[in-house]
Amino acid sequence: MLTKVFGAAVQGIDATLITIEVNCSKGCMFYLVGLPDSAVKESQQRIRSALQENGMRMPSCSITINMAPADIRKEGSAYDLPLAIGILAASESVDTEKLQRFMLMGELSLDGSLQPIKGALPMAIKAREDGFEGLILPKQNAREAAVVNRLNVFGASNIRQVIDFLNGEDTLQPTVVNTREEFFAHQTDTDLDFADVKGQENVKRALEVAAAGGHNILLIGAPGSGKSMLAKRLPSILPPLSLGESLETTKIHSVAGKIGSEGGLITRRPFRSPHHTISTAAMTGGGSFPQPGEISLAHNGVLFLDELPEFNRNVLEVLRQPLEDRKITISRVRSNIEYPASFTLVASMNPCPCGYYNHPTKPCVCTPNQVQKYLNRISGPLLDRIDLQIEVIPVPFEKMSDARPGEPSAVIRQRVMNARRIQEERYAGINGVYCNAQMSSRLLAEYARPDERGLALLKTAMNRLNLSARAYDRILKVARTIADLEGSEHVQSHHLAEAIGYRNLDREDWAG
């Protein structure tokens with residue numbers, strides 16, 4: 001008997017429908033075709049044990065299984081459940097009436113229990129797009145998939161529950177998640193607040209500008225000056241995720257297996273802080289079985305690189321293209337996979353090996369050559385892509401002991417949201433541009449053209465700091481954001497002066 005069961009394969013952050021065709025005939029052989037990897041081929045042993053532990057057995061016949069389309073490589077153990085159900089249906093142990101209406105995915109343990117899988121959310125979206133009535137998958141993934149509206153999601157603990165459900169002997173209850181209610185209930189939750197920060201008003205202002213325009217920022221200062229503390233609070237002043245951004249972010253984390261059993265939609269902007277020993281593949285994504293890297297997990301959020309010069313130079317250089325294109329393409333022999341990577345880069349570093357170059361009270365023991373060599377670990381092209389480069393000075397005791405709270409994140413976030421609203425209206429008809437950091441040269445000429453006084457100021461700064469053409473564009477983008485925060489229609493000279501001040505750590509000026 002020939003039967004068909006439906007599953008899904010995740011490619012990038014999207015899923016593709018997989019049709020599993022199972023045919024039972026006379027004989028005793030087992031054939032599995034359709035470009036399966038080793039984990040899929042090993043499913044035969046898991047299925048056999050799972051069925052035995054649940055009072056059933058593999059049919060004593062020749063089994064041929066085809067996983068179509070055959071040109072897509074099937075990877076991982078998530079196909080165990082549809083393969084097992086297909087075998088049982090082909091041997092007439094499971095009613096086939098419901099099989100056309102449901103998509104099935106899940107990994108089997110030897111005792112028949114279902115283990116969680118990766119990519120449940122993209123699979124659920126694909127199931128709804130293709131008109132399936134529901135999706136059956138491990139119970140641990142049920143809430144993750146149930147955020148998709150107009151789709152019945154059934155979470156099962158073991159294969160016996162799935163068999164009984166398909167045979168009409170047991171009714172699995174669909175998992176219900178009120179997506180909008182859950183999203184808006186936690187949209188503004190935050191654990192860290194700028195009210196806890198003492199002093200550092202100039203750095204807080206720079207972070208506000210970075211948040212308002214989506215700009216990248218580098219914090220450079222002595223150990224203990226507050227760089228990490230400030231960086232970790234940046235998400236608290238970024239605009240809340242929209243429902244579309246939340247869904248896209250959740251898809252990426254779903255594919256990477258970063259959503260727990262209690263997880264639904266990701267409602268807060270991601271904050272990723274990889275260690276400086278990270279590899280290139282872990283940062284950008286890829287590997288033998290391509291997975292999203294840290295830059296994709298930080299999509300719609302913040303990527304924080306602490307102790308920037310300590311990162312492998314190759315890891316830092318691969319960031320150059322994603323910072324410009326806001327996506328990363330993983331190329332393999334058989335396919336190309338594209339992951340989104342629209343993130344705000346926040347980096348921090350010491351000014352020299354000992355950490356006290358330009359410190360107001362502690363002497364630096366490094367030679368000028370050592371300072372320059374340390375700074376040269378960060379390439380010029382990468383520095384050019386960082387819009388704001390801010391020196392963080394240690395907070396004096398008087399400010400540190402001040403009991404009065406600082407300005408709360410909620411107040412700063414409101415100013416940021418007002419500036420973002422201006423940008424959304426400005427770029428409403430332009431595809432792929434949502435904030436000032438994404439402006440092209442043509443848009444800069446249209447919306448950030450300085451007056452004669454501003455041009456003269458900019459020319460002087462370019463000559464003195466020996467800035468590149470890319471740095472020129474960055475200054476105009478930052479100036480446009482400062483003007484938006486002020487509610488000014490045009491970029492004025494004082495906006496440019498502040499933006500130029502945020503470039504004062506370019507190496508020719510910094511290291512003398």
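Predicted model: local features only at pLDDT ≥ 70, side-chain atom pairs only at ≥ 80, totals over all residues.
Residues are numbered from 1 along each chain as its sequence is written. Local features need pLDDT of at least 70 and side-chain atom pairs count only at pLDDT 80 or more, while totals for chains, interfaces and linings use all residues; side-chain values use heavy atoms, with hydrogens and water left out.

**Stop 1: aromatic rings**

Searching the whole structure gives six aromatic pairs (rings of Phe, Tyr and Trp, the last by its six-membered ring, with centres within 6.5 Å; planes under 30 degrees apart are stacked, over 60 edge-to-face, the rest tilted). Select Phe154 and Phe165: this pair is tilted, at 4.9 Å centre to centre and 40° between the planes. Phe154 belongs to strand 9 (residues 152-156) and Phe165 to helix 6 (residues 159-166), so the pair ties together parts that are eleven residues apart in sequence. Helices (H or I, at least four residues) and strands (E, at least two) are DSSP runs numbered from the N terminus. Phe154 and Phe165 are both buried (under 20% relative accessible area; exposed is over 50%, partly exposed in between; 1.4 Å probe, protein chains only).

Now show Lys98, whose charged end sits over the ring of Phe165, 4.1 Å from its centre (NZ of Lys or CZ of Arg within 6 Å of the ring centre and within 35 degrees of the ring normal). Elsewhere, Arg426 lies over the face of Tyr447, at 5.8 Å from the ring centre.

**Stop 2: Asp164**

Stay in helix 6 and select Asp164. With 14% relative accessibility, Asp164 counts as buried. Apart from neighbours within four places in sequence, Asp164 is in contact (heavy atoms within 4.5 Å) with Glu169 and Asp170.

**Stop 3: helix 4**

Select residues 120-129, which make up helix 4; eight of its ten residues are buried. Among them are Leu121, Met123, Ile125 and Lys126. Which elements do the buried residues of helix 4 pack against? Show strand 1 (2-11), strand 2 (14-25), strand 5 (102-104), strand 8 (134-138), helix 5 (142-145) and helix 10 (243-255). Just after helix 4, Gly131 takes a positive phi of about 80°.
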